[in-house]
Amino acid sequence: MTTRRVIVAPSVLACDFGRLAEEVRQVEAAGADWLHVDVMDGHFVPNLTIGPAVVEAIRRASRVPLDVHLMLDRPQEFLTPFLEAGAHYLTVHVEAEGLRSESVLRSALDTIRRADARAGLSLRPRTGAEALRPFLDAVDLVLVMTVEPGFGGQAFMPEAVPKVRQLRAWFAGDLAVDGGINALTGRQCREAGANVLVAGTSIFRASSYTDAIRSLRA
Ligand code: DX5
Ligand code: ZN
């Protein structure tokens, strides 16, 4: 198991959006290290979520780093708006249609780093770890999807665990898991080398945010 401190990143997708600022403050007070923000375009995944204006509102309500996960086919067109809205970590998908060319993907990662943000690269459950390998020198964070991206509340896919272990063997930076993470599945991922746990349902549907975050960290 990794000896690093575990970073818990509640995914605001599972919060009550009608009370967004209050939810952000409560989950921070409960011990959140980062806030994870899921951005979806209705093409890369069959769902639509939030844009830069809402990220900016979250930024104003929060003090912890914002970890923005772009599930977009053409993320390169939206990097600057999300960086200006206050993303500290900005993650794109290696499968994104607009990033098929290696040079375009590298330039997107470079744009993020040049804005003094941290660049992240994510992969879907069906994508092998090898797809990320050529880019690991250009990223600060790797985000392993442990469900098919698009919706919160899905069941963890245990077949992602060996992928986490493989990526940890290659990559010394922040290694995050996202989807179906609770105390039990989070522990399996930490044992495989993950140090960032993204969790929506298991935190925001818990009766105590503090207990839920503590049990992810335990
Ligand atoms: C899914 C998103 C996740 C989602 C996780 O596409 O990337 O961040 O919010 O939600 P839970 O923890 O409910 O699986
Ligand atoms: Zn996510």
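Reader: Where in the chain is Asp116 found?
Author: This is a predicted model: local features need pLDDT of at least 70 and side-chain atom pairs 80 or more, while totals for chains, interfaces and linings use all residues, and side-chain values use heavy atoms, leaving out hydrogens and water. Residues are numbered from 1 along each chain as its sequence is written; chains are lettered from A and ligands numbered from 1 in the order written. With helices (H or I, at least four residues) and strands (E, at least two) taken as DSSP runs numbered from the N terminus, Asp116 sits in the loop between helix H4 (102-114) and strand E5 (118-123).

Reader: Is Asp116 buried or exposed?
Author: Asp116 isn't a glycine, yet its phi is positive, about 65°. Buried means under 20% relative accessible area, exposed over 50%, partly exposed in between (1.4 Å probe, protein chains only). Asp116 has 75%, so it's exposed.

Reader: Which residues are the protein donors of the zinc ion (ligand 2)?
Author: Donors are N, O and S atoms within 2.8 Å of the metal (3.2 Å for Na, K and Ca); water isn't among the atoms, so sites may look incomplete. Along the chain, the zinc donors follow the spacing H-x1-D-x30-H-x108-D. Lying 2.0 to 2.3 Å from the zinc ion are His36 (NE2), Asp38 (OD), His69 (ND1) and Asp178 (OD).

Reader: Is His36 buried or exposed?
Author: Among the zinc donors, Asp38 has a relative accessible area of 7%, so it's buried. His36 is at 0%, so it counts as buried too.

Reader: How many Å is the side chain of Asp178 from an oxygen atom of ligand 1?
Author: Ligand 1 has an oxygen atom 3.4 Å from a polar side-chain atom of His36. A backbone N or O atom of Gly153 is 2.8 Å from an oxygen atom of ligand 1. For an N or O atom in the side chain of Asp178, it's 2.6 Å.

Terms used. Polar contact = N/O pair within 3.5 Å; in protein donor to acceptor, adjacent residues only side chain to side chain.
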